[in-house]
Amino acid sequence: MSLSDMAYQQPLSKCRLHVGPQRVMLLLLFYFFNDVAGQIRYSIPEEMKKGSLIGNVAQDLGLDVKRLRSGRARIVTGENIQYTELKTDKGILVVNERIDREQLCGDVTPCSFSFEVILENPMELHHITIEVLDVNDHPPVFKKSDIMLDISESANLGARFVLDSAEDPDVGVNGLQNYVLTSNDNFVLKQHVNPDGSKYAEMVLQKQLDREEVPHLSLKLIAVDGGNPQRSGTVNINIIVLDANDNPPVFNQSVYKATVIENAARGTNIVTVNATDADSGSNGYITYSISNVKSNIADLLSIDQVSGALFVSGPIDFEKDKKI
Ligand SMILES: *[C@@H]1O[C@H](CO)[C@@H](O)[C@H](O)[C@H]1NC(C)=O
Ligand SMILES: *[C@@H]1O[C@H](CO)[C@@H](O)[C@H](O)[C@H]1NC(C)=O
């Protein structure tokens, strides 16, 4: 808030609390010259080059350029930074320092600053307000370049995954408008607005994940603003699909046929069975055992739990055990 705003909006006594002697002096001047001779308002885009024309002050105030010089016209401001310069030879106001709207006003709109042009002999005060218009000089930016998500393939449809949001210091249409998710079968994007007006998005599972089919997914979340030209920011979403034990072991053959001679020595390999399990880790670990056999057969055959190799483990009698 500039000095003049304070003078208009607050009682003098309140202002004294925060102002230095120079400003009190100016406030007192206001007191005497409170019929401020002129008020002008200019609108300029932020980030104009030093020396850019803001306005023809002499013309807009109805003053002669000679009077500006004889009255030693100058800018009086409460700010530390002299954003503007008065060219008394031409009667114009120009940019003196880079004006960064985001630095000056942050989220506040409209953004403006004010100062006085003072003239002597006789004393004259003119109030000038500069409104600084936003330029789309920032893209939406995500804090991180990657989002890592571990999602179980057994996750239910409708499961929600909140994504990091992007920030864009520009305001209005130049600020963050929208999120877009790269097209994919499994997730749709839902957008939400926080109470403070910021926007965030979440992915909603709409088609079951299948680790055996797609073990990881790479998506991109794009945040776009509404400026012209439009600017955007991107974050990669890396999804690792965690296994659920959703696959049984499957033998590579439905029947294994083998022959073995009578009285084959113990340890003779008859056949090796082989099953595979599409699940990973312990969900896919297979052990073999013989089941559903007549009790006497359990004495004749044994199986290697790990390799699936079937061995002779007892005396096989052709007459009794023709077919097992
Ligand atoms: C099991 O069978 C599959 C397919 O028939 C084969 O790719 C694999 O190598 C076999 N495993 C062993 C241990 O022989
Ligand atoms: C099944 O696996 C066994 C053991 O690895 C192998 O000997 C056999 O050839 C495989 N059968 C088929 C149909 O791949």
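Two strands are taken to pair if DSSP finds at least two bridges between them, and strands themselves are DSSP runs (E, at least two residues) numbered, like helices (H or I, at least four), from the N terminus. On that basis, 4 strands form an open sheet of mixed pairing in the order β9-β16-β15-β12. This is a predicted model, in which local features need pLDDT of at least 70 and side-chain atom pairs count only at pLDDT 80 or more, while totals for chains, interfaces and linings use all residues. Residues are numbered from 1 along each chain as its sequence is written, and side-chain values use heavy atoms, with hydrogens and water left out.

**Open sheet**
- β9 (146-152) and β12 (176-181) stand at the edges with a single partner strand each, so one side of each is left without a neighbour in the sheet.
- β12 pairs with strand β15 (residues 216-225) in the antiparallel sense over 5 bridges, and V180 stands opposite I222 in β15.

**Nonpolar cores**
- A nonpolar core is a set of buried Ala, Val, Leu, Ile, Met, Phe, Trp, Tyr and Cys residues joined through side-chain atoms within 4.5 Å, where buried means under 20% relative accessible area (1.4 Å probe, protein chains only).
- The largest such core has 25 residues, of which Y42, V57, L93, F115, V117, I128 and I130 touch the most other members; β6 gives the most to this core, with 5 residues.
- Apart from it lies another core, of 24 residues, among them I147, F187, V235 and I239.

**E202**
- E202, in strand β14 (residues 199-205), is buried, with a relative accessible area of 6%.

Notes. Chains lettered and ligands numbered in written order. Buried < 20%, exposed > 50% of the residue type's maximum accessible area, 1.4 Å probe, protein only.
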